[in-house]
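Work through the following exercises with the sequence and the model side by side. Each task is followed by a solution that goes step by step.

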Amino acid sequence: MTKWIVHSEWWMQRVVWLWGAITLLFGLVTQQDPLSTFIYPCLAVALAYLAAALLRWLFVFQSSTTQRVTPFISRTITAFWVLGIIGFLQLLAIALFEGFRSGAFNYFLIAISVFPVGTSMGAAREWRRVRQLQIRNTIS
């Protein structure tokens, strides 16, 4: 699992930007409302980076109270990473397999489905910081 988290720090940022670009192009072709065509992908990318920043802030705030890395912290980071990916797949599945909604709502769900990846991005960055802290503590 550690290998996946370490590699995901690099590719998740690219996935978020690529997803925003693809949904923007998809919206230009399929949507009639030009405003929502541009707003939804931009909102998704911004929310993904905001989620990553908030998650990192949460862990930095927690680590300011203690300098030791406990197994609970490592498991919590892993849980945020996994739940972010599951959230992305869940929103995408809802948008693709529920045909009862309007096309605009499905486009919104497809565009915004990348938002939970932000928590995975923040968890991957925090994982690297925690590993560096563990190495520094073992050397000391």
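**Exercise 1. A charged pair**

Is Arg56 buried, partly exposed or exposed? Decide this, and then describe the salt bridge in which Arg56 takes part.

*Solution.* Before starting, note that this is a predicted model, in which local features need pLDDT of at least 70 and side-chain atom pairs count only at pLDDT 80 or more, while totals for chains, interfaces and linings use all residues. Residues are numbered from 1 along each chain as its sequence is written, and side-chain values use heavy atoms, with hydrogens and water left out.

Step 1. The relative accessible area of Arg56 is 26%, so Arg56 is partly exposed; the classes are buried under 20%, exposed over 50% and partly exposed in between, computed with a 1.4 Å probe and protein chains only.

Step 2. The structure holds one salt bridge, a term that requires a side-chain nitrogen of Lys or Arg within 4 Å of a carboxyl oxygen of Asp or Glu. Arg56 forms it with Glu126, and the closest N and O atoms are 3.7 Å apart. This pair links distant parts of the chain, since Arg56 belongs to helix 2 and Glu126 to helix 5, 70 residues apart.

Step 3. Glu126 has a relative accessibility of 1% and therefore counts as buried. Setting aside residues up to four places away in sequence, Glu126 touches Arg56, Phe59, Val60 and Ile77, where contact means heavy atoms within 4.5 Å.

**Exercise 2. The overall architecture**

*Solution.* Step 1. The chain has five helices and zero strands; helices (H or I, at least four residues) and strands (E, at least two) are DSSP runs, numbered from the N terminus.

Step 1. Of the 140 residues of the chain, 39% count as buried. Among the contacts with a separation of 6 or more, 83% come from residues 24 or more positions apart.

**Exercise 3. The interior**

*Solution.* Step 1. A nonpolar core is a set of buried Ala, Val, Leu, Ile, Met, Phe, Trp, Tyr and Cys residues joined through side-chain atoms within 4.5 Å. The largest one has 26 residues, and those with the most contacts inside it are Val16, Trp19, Ile77, Trp81, Phe88, Val114 and Val117. Helix 1 (2–30), helix 2 (34–63), helix 3, helix 4 (103–112) and helix 5 each supply at least two residues of this core.

Step 1. Helix 3 has several buried residues, including Ile77, Trp81, Gly84 and Phe88. Val117 touches Gly84 and Phe88 as well as Met12 and Val16, not counting residues up to four places away in sequence.

Step 2. Ala52 lies in helix 2 and counts as buried, because its relative accessibility is 1%. Beyond its neighbours within four places in sequence, Ala52 is in contact with Gly118, Met121 and Gly122. Ala52 and Ala123 are 71 residues apart in sequence, yet their C-alpha atoms are 7.3 Å apart in space.

**Exercise 4. Aromatic pairs**

Classify the ring pair of Trp17 and Tyr49 and that of Tyr40 and Phe108.

*Solution.* Step 1. The structure holds six aromatic pairs. Rings of Phe, Tyr and Trp (its six-membered ring) pair if their centres lie within 6.5 Å, and planes under 30 degrees apart count as stacked, over 60 as edge-to-face and the rest as tilted.

Step 1. The ring centres of Trp17 and Tyr49 are 5.9 Å apart and the planes stand at 45°, so this pair is tilted. Because Trp17 lies in helix 1 and Tyr49 in helix 2, the pair ties together parts that are 32 residues apart in sequence. Trp17 is exposed at 52% relative accessible area, whereas Tyr49 counts as partly exposed at 25%.

Step 2. Tyr40 and Phe108 form an edge-to-face pair, 4.9 Å centre to centre with 70° between the planes. This pair links Tyr40 in helix 2 with Phe108 in helix 4, 68 residues apart.

Step 3. Ring pairs also join Phe26, Tyr40, Phe105, Tyr107 and Phe108 into a cluster.
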